[in-house]
Amino acid sequence: MWLQVFVLYLSCLTLASQSQRDDRASLRRSNDHTGRCQYTFTVASPEESSCTGGGGAPETEGVLSRLTLLEALVSRLVAGGEEGEVGTRVEEGSLQEAYSQVTGERNQLQQDKERLSRQVQELQRRVAELGQEAETLRQKPCQQTHGSGGGQHEISQRPASDPAYEFGNAAYQEMKAEVTEVPASRLIPEAGHNFTGCGELVSVGEPVLHRKADGITGKYGVWLQDPEPKGPLYTNKTVWRIDTVGKDVRQLFAYEDMEQLSRGFPMKVLVLPEPVESTGATMYRGSLYYQRRRSRTLIRYDLASESLAARMDLPHAGFHGQHPYSWGGYTDIDLAVDERGLWAIYSTSKAKGAIVISQLDPESLEVKQSWETNIRKNTVANAFMVCGRLYTVASYTAPNTTVNHVFDTATGAGRAVAVPFKNKYRYNSMVDYNHGQRKLYAWDNFHMVTYDVRLGRVSHGSS
């Protein structure tokens, strides 16, 4: 602002250049009688020693008029400068207040972050403790027997931490008083017999990871071991795997054992004669059983001869998206194996989407017997067979879900259950039971996992 005044001052001196006496010009700043600031510019006349008359020379009048204009401009500049200084001070005050507010909010956020970090650490500690408690409970014997004469009483134990058996739960109220007297001979294996026993599913353990698929084709898949292998070429340790994402899925990978699977080194890759549909394949007695793509045709592929051994249409079965599980994936036909043999889990237009179970001849694939349930296939995420009983999984994405239905082919009756089940990786597209290993095999969002299972009391109908 003062630089502008000085420039105007020099301009005035130029106006008085005719006098050739620039040093006698002056600019004065003072308050008038009202207290207002005034600027006065004075230039001595180059010719007159005193002013005579009321009027001045024309050039003097011009100078005076320009000086008057100059004073007005200076007044406007000074007023504008003062307002600018006030505005600047106000703006600086606002910025300072905003900065103080932001600083306070940042400090509050930092405190919230530290508090949340402490809460997360505490939750992680509690999860670790609960995991240890659960592991301890799993290692306890599931049954205790007390001798009484020629028979024994069998008492089922329930883990206290299991939400399915919390006090007040309907399922718990129905199952808590299971005390059954059975002959002692039923619990003692005969000489030379590899006793396994059949019973209802009591619990499913934590998922154990064996390998994660690498490419996008491994998001869904099938992996399993043969519970009853044939011949020396492949054993019950051989691991089989099919990545099922793709339009023409034909590759069957064979691994020598679990260790080679975890390393990703297949010992052989077989090319199947027909493309595979979805994740419903299974392995049994030296053969791979699967559904041909876009059809209701079932195929038995002999592993030893590497050839198609049998093919058969599953009568009236829905296929390619007509009656899938809730996650989709063209899971209309799901093949399964258990202690009782080979099964197909599917639905038909006659059943109107309800699950139909058929027992198949493992050689010819012909249907031996069928059962229709009241379980809607598209309301459950997956299903598997154990000891002639169908079990369904409620959700394929929920990390903590349940096995929610059971249907017994021996009695033709079904009921709701609540056995806890975990989808650790949040997208479980395949669940199969292996009665030789007494485990569930699952493909959970690229991850190949197994679950230990525990069966309850010995079934009277088991053989």
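Modeller: Happy to! Strands E13 (residues 287-291) and E14 (residues 297-302) run antiparallel to each other, paired over 5 bridges. Within that pairing, Tyr-290 has Ile-299 of E14 as its bridge partner. Please keep in mind that this is a predicted model. The two strands belong to an open sheet of 4 strands, ordered E12-E13-E14-E15 with antiparallel pairing. Strand E12 (282-284) and strand E15 (307-313) form the edges; each has a single partner strand, so one side of each has no neighbour in the sheet. From one strand to the next, the twist averages 25 degrees.

Now to the disulfide. The structure holds 1, and it joins Cys-198 to Cys-387 with an S to S distance of 2.1 Å. The torsion about this S-S bond is about -90 degrees, so the disulfide is left-handed. Cys-198 sits in the loop between strand E5 (179-183) and strand E6 (199-204), while Cys-387 sits in the loop between strand E20 (382-386) and E21, so the bond ties together parts 189 residues apart in sequence. Cys-198 counts as buried at 8% relative accessibility, and Cys-387 is buried too, at 1%.

With 26% relative accessibility, Ala-394 is partly exposed. Leaving aside residues up to four places away in sequence, Ala-394 touches several others, including Thr-379, Val-380, Thr-401 and Asn-404. Ser-326 lies 68 residues from Ala-394 in sequence, yet their C-alpha atoms are 9.1 Å apart in space.

Key: Residues are numbered from 1 along each chain as its sequence is written. This is a predicted model: local features need pLDDT of at least 70, side-chain atom pairs count only at pLDDT 80 or more; totals for chains, interfaces and linings use all residues. Side-chain values use heavy atoms; hydrogens and water are left out. Two strands pair if DSSP finds at least two bridges between them. Axes are lines fitted to C-alpha atoms, for helices over the stretch in contact, and angles run from 0 to 180 degrees between N-to-C directions. Buried means under 20% relative accessible area, exposed over 50%, partly exposed in between (1.4 Å probe, protein chains only). Contact means heavy atoms within 4.5 Å. A disulfide is a pair of cysteine sulfur atoms within 2.5 Å.
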